[in-house]
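Open your viewer and let's walk through this model one selection at a time. At each stop you will find what to pick and what is there.

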Number of protein chains: 4
Amino acid sequence: MQLGLVGLGKMGFNMRARLRDRGHEVVGYDPRPEVTDVGSLADLVASLTAPRLVWVMVPAGEITRNTISELASVLESGDLVIDGGNSPYTDDPGHADLLAASGVGYLDCGVSGGIWGLAEGYGLMVGGSDADVRRAMPIFDALRPEGERAGGFVHAGPVGAGHYAKMVHNGVEYGLMQAYAEGYELLEAEDLVTDVHGVLQAWTHGTVVRSWLLELLVKALAEDPGFAEISGYTEDSGEGRWTVREALDHAVPAPVISAALFARFASRQPDAPAMRAVSALRNQFGGHAVRPAGQSDTNGRER
Amino acid sequence: MQLGLVGLGKMGFNMRARLRDRGHEVVGYDPRPEVTDVGSLADLVASLTAPRLVWVMVPAGEITRNTISELASVLESGDLVIDGGNSPYTDDPGHADLLAASGVGYLDCGVSGGIWGLAEGYGLMVGGSDADVRRAMPIFDALRPEGERAGGFVHAGPVGAGHYAKMVHNGVEYGLMQAYAEGYELLEAEDLVTDVHGVLQAWTHGTVVRSWLLELLVKALAEDPGFAEISGYTEDSGEGRWTVREALDHAVPAPVISAALFARFASRQPDAPAMRAVSALRNQFGGHAVRPAGQSDTNGRER
Amino acid sequence: MQLGLVGLGKMGFNMRARLRDRGHEVVGYDPRPEVTDVGSLADLVASLTAPRLVWVMVPAGEITRNTISELASVLESGDLVIDGGNSPYTDDPGHADLLAASGVGYLDCGVSGGIWGLAEGYGLMVGGSDADVRRAMPIFDALRPEGERAGGFVHAGPVGAGHYAKMVHNGVEYGLMQAYAEGYELLEAEDLVTDVHGVLQAWTHGTVVRSWLLELLVKALAEDPGFAEISGYTEDSGEGRWTVREALDHAVPAPVISAALFARFASRQPDAPAMRAVSALRNQFGGHAVRPAGQSDTNGRER
Amino acid sequence: MQLGLVGLGKMGFNMRARLRDRGHEVVGYDPRPEVTDVGSLADLVASLTAPRLVWVMVPAGEITRNTISELASVLESGDLVIDGGNSPYTDDPGHADLLAASGVGYLDCGVSGGIWGLAEGYGLMVGGSDADVRRAMPIFDALRPEGERAGGFVHAGPVGAGHYAKMVHNGVEYGLMQAYAEGYELLEAEDLVTDVHGVLQAWTHGTVVRSWLLELLVKALAEDPGFAEISGYTEDSGEGRWTVREALDHAVPAPVISAALFARFASRQPDAPAMRAVSALRNQFGGHAVRPAGQSDTNGRER
C-alpha cells in the first residue's frame, strides 16, 4: 500500500523502515535533507496516487496544526490524513473539520512503543469512522506487533478517541514508573539488601509486578550501576498534565498519576519556594534551625 | 531432592504439585486431612532423612511463629528451615536465632506469582547465608520459571533480605494496580471512548505500559464487563502498610505507594469521618448544603 | 458613597446590609422580587448618579458573563464595574475588554468570609488599575474587617490578580480542611481518646494549629456530635480544580491541595470504577475474595 | 503550688518563667549550670515537699526514658510525674508502670505553642486519671492561655491519650503548613500577582483561611522577602511519621498529612534515587535526554 509520511524524527524514521520492511511503499517528507525522500509537502502529495493516505508524525501543537492546515490546502477530496503524533485529543475535532472542508478524511492515532517499535511493533489507538479505519488497516497491521489477534491495536471510538486513549496510556505510564522508582529507592535504602539489581531482575519473571518497563529498569541499572551517571532532574512531556486535567474535568480521583507528575515537578526544584516557606514557618513557631540558601545540596535521607 | 512442606493452602498446595512434577520428593503437612500427607509435624520430621529441608508456607504472624517454634524443638542440628510465607522481615532474625539455638539453619524466601505459579513458576527472593542458599537451590530452581538464567530468583542478602524484597515487591504492586485502575476509570468516564476493553487489550502489546497485571485486567474485564458484579470495597493484606512504614523509617518519599494504599482504605468507608468533617465545615462557613447521613450512595461523578 | 449591587444571594444580601450599616447608599438588583430594590438592571443604572459604581455578585460563568455583557450596553463612559463573584481569573481580561469598549472600568475582586462576613467583615483580593482601586476604596473599606490597617484587603495586581488570589485561597482552604479532617478521623479511630471534641476545642487556643476553621469545626461538632447526622458526600465548587489546573500549568507541585480535592471526588463514589478494577485484579492473581456489587456499604475501618 | 521541672531548654526555660510569673514555686533542674536551680535530680527531689509534683520536659526517647527511670528510683509513693515532652504515646504505659511500681502517679501532657507559649500560653493535651489531673490542674491553668474557659486544655483520656492527641496535632500541622506553602508557591509562580506578601497579609483577616500559622508566614516573609535567605531543605521531627504510622495501623486514609511529610523528605534529596530511576526509564524507552549527575541544580519550574 502507498503512504505519504510527514515527519521522519525518532518515531517517523523507524516507522518508515518498518513499513517498507513489510512491503509498503512509503514516501517520506522531512525538512532535513539527509532523511527526506522529497523536497516539499507539495512534492509529497504530487508523488502519491489519489486517493492518497498521508500519515503526520510531527511534534504536537503548532507544528501539527500547521501541517494539517497545509495538507488541507494541497490534498483532494477522497484523501485521508492520520495524525499519529501526541496531539491533545481536544485538537482533533478542529483538524477533522478543517480537512472535511476539502473532502479529506481524518483519523487520530496514538502510537506507543518508542524507539523499540521498529523491531517489536507499535501499540496503536485509533479514533475515527469505521470506513476510514478499514481503509488504513493495512498500514496499522504492518505497524502493530505481529502474530497478535487482539493486542497492539484498537479502534477506540470516533475522532479524538485515539488520542484520548494514548493520553491516558501515558498517564498510567507515569504512575507505573513512579511505583517502580519508589520500590527501587526502598531497596537501595535498606542495608539488608545487598543485590538491588538482582532483586529487580528476579522480579522480571514469575512475579506479579513483571512488565516491560521493569525489564527496561533492569537494563538501565546494568548499564549505569546505582544510576551514578545521571541526575534526578526529570522532565514531563505534557500527556501527564493532560491526564490529570481530564481527571479534574471528569471528577475522577487520580492520586497516583498526579503524585507521579508532582514528583517530577519537584525533582526540578532544588529549593522549592513551598519548602522554603515550610522551613521558614518551622523556624517561626519552634525556633527550629533553617539552612541558609544554597545549602540544600546534601542528601538528607537517613538509613 | 527431599522436602518437607508445612502448609498446603492456595500456595503450598500448588508448590507441592510443581515440585513433584519436577521430580522432587515432597512430604506435605497440613491440619486438613484431605490434603495432608502425614498426621503431624512430628510425623513429617520423622519421615524425612537428615539433614532435613523443611519449607514453611503458612499465614504470617502467630501461625508462622508457632510453626517455627515447634520445628525448633523437633528438628536436629544440620537441618534447614525456609519461611516462604509473607512474614514481616523484622520477624526473620528472631526466627533464625530460635532455630540456630538447635543448630538448624534458616532462609527467608518471598514468593510471588499467586495461583499462576503452578504453571508459570514463582518469583523467589531469598535471604540467608550462601551455604544455606546453595543447599536449597534445587528446590528454588524447580519453583522458579523455567528457561531463565537470571529472572525469577535472587539471593537478595542475609536473613531478612528476602522478605524485605517481597514486601517492597508488594508495595510496588499496589502502585501499579492503582495506576491501571485510575487509567481504567478515566477511559470509562469519557464518552468518546466506546471500547474500553479494546483499549486495555491494545495496550497489552507494543505499548510502554504492557505487563502481566494489565493482561489480568483485560481478562477480568472480559469475564465481568464493566466490573458490574463486584463492589469497590478493596482489602489490603499488610505488605502495603509495611512498605509505607519502611518508607517512613528510611525517609524515602513514597507518594504513589501510599496513595494506592489510602485509596483502598477509603474504598471501605462509604461515609468516612474525615469527609463528614469536611462537609460539616463547608456548611459552617459557606452555608453549603450537606447530605443527611445515609444518603451518600449515589455516584456523584460528573461526565 | 453610592453603589449599585447586582445579585442579592447569600453573599450579596449580607454585603448590602453591611454597606448600609456603614453609611453607604446601596441600590440592589436581583430577579427575586422579595429582595430587590429595583425592577431591572436598566432601572438600577437609571437610579445611580454618573459616574456609577456597580458591584456584580452573581454565580460565576454564564450568569456573570451575561450580566457583564448587559452592563456594557447600559453603562456609560466613566462608570466602573467590580466583579466580586468567584469567576475564573481567565475570564477577567475578556470582561475588562468588553467594558473598556464602552469606556467602563473594571476591577475583579475575590471575596472571602462566607456567611460570617456580615458581622466580621470580608477578606478582599482586588485586581485592576490603581486609579480604579482608589475610586472604589470606600466600599472596600466598609466591607473588610474593621480596625485593621493591613489585613483583609490587598490590591494584588492588574486585572485578574484578584480572582487568581481568591482561587489560590480556596485551594489552600481545601488543604487546610482535609488536614483537620484527617486529624479528626485519627482522633476518632483511637480508643484512648475519650474526648475528641475536647481535644479539638483545646487546639483552638495556644496551639500551633489554631485557626478560624478549627473553631468552626469545634462548633460543628458541638451541634452534631460524631457528625452523626450528615453523610460524607462532599461537593466541590470549582476553585479547587482550577487551583490544581494552575499547578499543572505552572509546574508547581501541589500534592496536598490535589489530595484534598481527590478525597472529595472519592467521597462521592461508593463503588468507584477504579477500586472495582483493583479488587478484580486482586482476585485474578491471588484468588483473593471480592465483594459482590452492592455490598460495599459497611465501614471497613479497623481499629 | 510547688513544682519540680526537669529540662530547661527552649520549652522548659519559658515554662518556668511563665509559672513563676503566675505565682508558682518552680525548682528547675538542667545539666547546664547557667540555667539550673539545683545540682542534680536528687537535689531537686530533696528540695520539694512531699507529695511532690515533677514535670519532665526533655527530648523524647532515651533521655526521657532515663529521666523517668531515675525519678522512679528517687521519688516516693504519692508523688506525681508529668511527661510534657514529645514522647510517642506508646511509651506512656511503660513509664506509668515503672513509676506505679514506686507508688508514683503519671500523666502524659502534649504541649503546643513553641517559643510563643511564654507570652500567649500553651495548648495542653493531657492523659491520665481524673485524680492526677485534678491535682496538677493549678499548673495546667497557669500554662494554658488566660481567659479561656474551654480552649487550650483537654483531659483527653487515660494515660497515653495526651501524647496521642499531641501527635495528631503535629500531623495536622504538617498538612496545614504544606497547604499554605503550596498556595504561596502558586502565588509566586503567577506574574499577575505583583504583591504576594500583601495577598497573604490580606488573608489574615476576614477570610476562611485565617490562622495563627498564616500570621507567622506573613511575618516570616516580611523578615526575609522571597525567602531569599533560606534553603528549601526541611527537617521533620518524628511526630509526622508517627501520625502516618497510626493512620496505617487504624486504616485511616491520610493522603494530605503523608503528602506533606513526603514533601519534606523530598526536599532533602537533590537527586533522589527514585527520580534517577524514572529519568533512566524515560531514556530507555523513548530516547529522551537525561541530565548528567550533578546538573540538577537549576530551577526547572516553568512560568
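**Stop 1: two domains in chain A**

Select domain 1 and domain 2 of chain A: their centres, taken over C-alpha atoms, are 30 Å apart. The bounds to type in are 2-158 for domain 1 and 167-268 for domain 2, and they come from an automatic or database domain assignment.

Before going on, a word on conventions. This is a predicted model, in which local features need pLDDT of at least 70 and side-chain atom pairs count only at pLDDT 80 or more, while totals for chains, interfaces and linings use all residues. Residues are numbered from 1 along each chain as its sequence is written, chains are lettered from A and ligands numbered from 1 in the order in which they are written, and side-chain values use heavy atoms, with hydrogens and water left out.

Now show where the two domains of chain A meet. Domain 1 of chain A brings 9 residues to the contact and domain 2 of chain A brings 8 residues (contact means heavy atoms within 4.5 Å). Together these domains bury about 670 Å², with 63% given by carbon and sulfur atoms; buried area is the accessible area (1.4 Å probe) that two parts lose on being put together, summed over both.

For polar contacts between domain 1 and domain 2 of chain A, look for 3 residue pairs, both residues at pLDDT 80 or more. A polar contact is a pair of N or O atoms within 3.5 Å; within protein, one must be able to donate a hydrogen and the other to accept it, and residues adjacent in sequence count only if both atoms are side-chain atoms. Between these domains of chain A there are 0 salt bridges (a side-chain nitrogen of Lys or Arg within 4 Å of a carboxyl oxygen of Asp or Glu).

**Stop 2: chains A and B**

Next, select chain A and chain B. Rotating by 180 degrees, with 0.0 Å of shift along the axis, superposes chain B on chain A with an RMSD of 0.0 Å. That is the relation of a two-fold axis. The superposition is by least squares on the C-alpha atoms of residues with pLDDT of at least 70 in both copies. To find the axis, centre on B:Ser211, whose C-alpha, at 2.0 Å, comes closest to it among the residues of chain B.

Colour B:Leu186, B:Leu192 and B:Val208: they supply 11% of what chain B buries against chain A, more than any other three residues.

How many salt bridges cross between chain B and chain A? The answer is 2. One to zoom in on joins A:Glu120 and B:Arg210, with the closest N and O atoms 2.4 Å apart.

**Stop 3: chains C and D**

Finally, move to chain C and chain D. Their interface buries about 6,100 Å², of which carbon and sulfur atoms give 70%. Here, C:Arg210 makes a salt bridge with D:Glu120, the closest N and O atoms being 2.4 Å apart.
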